[in-house]
Amino acid sequence: MELMTRDFGKVDIDQNEVIKFTQGLPGFENYREYVLLTLPGPNPFFILQSVEEQELAFITVDPWEVVSGYEVNINDGDKSFLKITNKEEVLILVIGTIHEELSDMTVNLAAPLIINVRAKLGKQIILEESGYAVRQPIFSQEAKEQVVK
Amino acid sequence: MLVLTRKKDEKIIIGNDIVITVLNIEGGQVSLGISAPEDVAIYRDEIYAEIMAENKEAAGRKIDLGQLSELGKQGEKADG
């Protein structure tokens, strides 16, 4: 099907690429279907684009490509909710926030996106007790080193 | 808003399957035990509000894919 996207214009996506976030994301509870769009080349960034709203999209990134020492524990309730049976089917991404310009991007390590790529189910979980930052800088060496709890 | 008064070890039942137990009350703090189905998300209000605000900020604007792509490549290099 054809999808109008915020950053890529019109793209052709397959219905089975759609990931269902059945609870939405905090602040966007009513938008529940997204696709992950890749950027050219080897690149840790993805765009999480809403299927329902063209203007709703997030920069997401593989956290282990941009920070070190990050750990995510998915509790049993969420594993069951996302129908996770083994870790190979789990994709974990974090959302990036741009403040003034791209290079000052921070990532939200406190609330990663957990995606079951097999079942096409996703949820933004909140790591309440982790002490991870909601705004972790990623584009400087010092920033990377600060991440460990 | 419904207001209920509960003592330590007393419970509140919401619907058929959510039970909130007052576990402890001490010095202006209340510990609550919550049992609910796994598809019910439970968070402290202020943390949920913080994530909500950050998501709204993150969803803010169209991005320059070319520039993001370049930054991504630089990141890869930095990691060796």
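Is Phe58(A) buried or exposed? Let's start there. This is a predicted model, by the way. Phe58(A) has a relative accessibility of 0%, so it counts as buried.

Now, aromatic rings. A pair of them is described by two things: the distance of the centres and the angle of the planes. Over all chains, the count comes to 7 aromatic pairs. I'll take you through two.

Pair one is Phe21(A) with Tyr34(A). Their centres are 5.3 Å apart. The planes sit at 80 degrees, and the pair is edge-to-face. Where are these residues in the chain? Phe21(A) is in the loop between strand E3 and strand E4, and Tyr34(A) is in strand E4. They are 13 residues apart, and the pair links distant parts of the chain. Phe21(A) is buried, at 0% relative accessible area. Tyr34(A) is buried too, with 0% relative accessibility.

Pair two brings back Phe58(A), now with Phe28(A). The ring centres lie 5.7 Å apart. The planes make 80 degrees; over 60 counts as edge-to-face, so that is what we call this pair. Phe28(A) is in the loop between E3 and E4, while Phe58(A) is in strand E6, residues 57-61. That's 30 residues apart, and again distant parts of the chain are linked. Phe28(A) has a relative accessible area of 14%. The cut-off for buried is under 20%, so Phe28(A) is buried.

Phe21(A), Phe28(A), Tyr34(A) and Phe58(A) form one aromatic cluster.

Terms used: Residues numbered from 1 in each chain as written. Chains lettered and ligands numbered in written order. Predicted model: local features only at pLDDT ≥ 70, side-chain atom pairs only at ≥ 80, totals over all residues. Heavy atoms only, no water. Phe/Tyr/Trp six-rings, centres within 6.5 Å; stacked < 30°, edge-to-face > 60°. Helix = DSSP H or I, 4+ residues; strand = E, 2+ residues; numbered from the N terminus. Buried < 20%, exposed > 50% of the residue type's maximum accessible area, 1.4 Å probe, protein only.
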